[in-house]
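Please look over the sequence and the coordinates below before reading the notes that accompany them.

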Amino acid sequence: AGLALGLRDAQPPLRLKVVAALAGLGEARDEEACAAPLGDAVRDEDLRVRAAALDALGRLGDPRRAVDDAATRDADVIIRVRATGWLGALGRAASLALVLADSEADARRKAAAELAALFRRGDVSVEAAQRAQLRSALSVRLGDAERSVRADAAKALDALDGRDAWARVVRGDGGDCAR
């Protein structure tokens, strides 16, 4: 508890050191006790502190799901993209589907790419209802204004369905059609 008080310090470099110490403590012995203050640090005003806290929580397995919130709610796309990478590593397909609706193409592309990787690795168990929701969210991205988002959505759909149909269609997409 005393260490977490350092997260209130006015100086970002000190807060970064506190995040590193909490991460080390969490990895060594007390994951749950460190997750709460690290979750608070994910909402820090300093981008570097937020990024370090995300990485620490990702390594700890994010028991309080602060990474999910950062991926969908942080004001900075850099943090949302970084958090989205952790969602993929943690196997959180439902949260990745929410990021597919992000206002920034980089976040949408990262979410689609992480879903494709999850499905290819077989790291996620998807029930029929969730499979339909994921398919729907990814299908919407086939009409995305950004070609890279369309391509990664197609790869994710192909990986979800275990075939190679959509990626070929998008590969032939010249990106010149009105969307």
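The briefing that follows moves from the whole chain to single residues.

This is a predicted model, in which local features need pLDDT of at least 70 and side-chain atom pairs count only at pLDDT 80 or more, while totals for chains, interfaces and linings use all residues. Residues are numbered from 1 along each chain as its sequence is written, and side-chain values use heavy atoms, with hydrogens and water left out. The chain holds ten helices and zero strands, where helices (H or I, at least four residues) and strands (E, at least two) are DSSP runs numbered from the N terminus.

**Overall form and surface**

- Read from the N terminus, the order of elements is α-α-α-α-α-α-α-α-α-α, and the C-alpha trace spans about 55 × 30 × 20 Å along its principal axes.
- Of the 179 residues, 45% count as buried, a class that means under 20% relative accessible area, with exposed meaning over 50% and partly exposed lying in between (1.4 Å probe, protein chains only).
- The accessible surface of the chain is about 9,000 Å², and carbon and sulfur atoms contribute 49% of that area; such areas come from the Shrake-Rupley method with a 1.4 Å probe, and for residues only the protein chains shown count as cover.
- Among contacts with a separation of 6 or more, 54% join residues 24 or more positions apart, a contact being heavy atoms within 4.5 Å.
- There are 29 positive and 29 negative side chains, and the centres of these two sets lie 3 Å apart; Lys and Arg count as positive and Asp and Glu as negative, whereas His and the chain ends are not counted, and each charge is placed at NZ of Lys, CZ of Arg, CG of Asp or CD of Glu.

**Confidence**

- The mean pLDDT of the chain is 90, and 94% of the residues score at least 70, on the predictor's scale of confidence in each residue from 0 to 100.
- Helix α5 has the highest confidence, at 97, and helix α10 (residues 166–171) has the lowest, at a mean of 74.
- Where pLDDT is low, the predicted coordinates should not be read in detail.

**Helix α4 and its packing**

- Helix α4 covers residues 66–73, and its buried residues are Ala66, Val67, Asp68, Ala70 and Ala71.
- These buried residues of α4 pack against α2 (31–41), α3 (47–60), α5 (77–90) and α6 (93–99).

**Two buried arginines**

- Arg80 is found in helix α5 and is buried, at a relative accessible area of 7%.
- The side chain of Arg80 makes a polar contact with the side chain of Asp102 at 2.7 Å; a polar contact is a pair of N or O atoms within 3.5 Å, where within protein one must be able to donate a hydrogen and the other to accept it, and where residues adjacent in sequence count only if both atoms are side-chain atoms.
- Leaving aside neighbours within four places in sequence, Arg80 is in contact with residues including Ala70, Ala71 and Asp74, as well as Ser103 and Glu104.
- Arg92 sits in the loop between α5 and α6 and also counts as buried, with 10% relative accessibility.

- Most residues other than glycine have a negative phi.
- Asp62, in the loop between α3 and α4, has a positive phi near 45° and is buried, with a relative accessible area of 0%.
- Arg65 lies in the loop between α3 and α4 and has a positive phi near 60°, but Arg65 counts as partly exposed, at 41% relative accessibility.

**The N-terminal segment**

- Leu3 belongs to the segment before α1 (12–28) and is partly exposed, at a relative accessible area of 35%.
- Not counting residues up to four places away in sequence, Leu3 touches Val18, Ala21 and Leu22, while the C-alpha atoms of Leu3 and Arg48, 45 residues apart in sequence, are 19 Å apart in space.
- Gly2, which lies in the segment before α1, counts as exposed, at 53% relative accessibility.
- The C-alpha atoms of Gly2 and Leu157 are separated by 47 Å, and the two residues are 155 residues apart along the chain.
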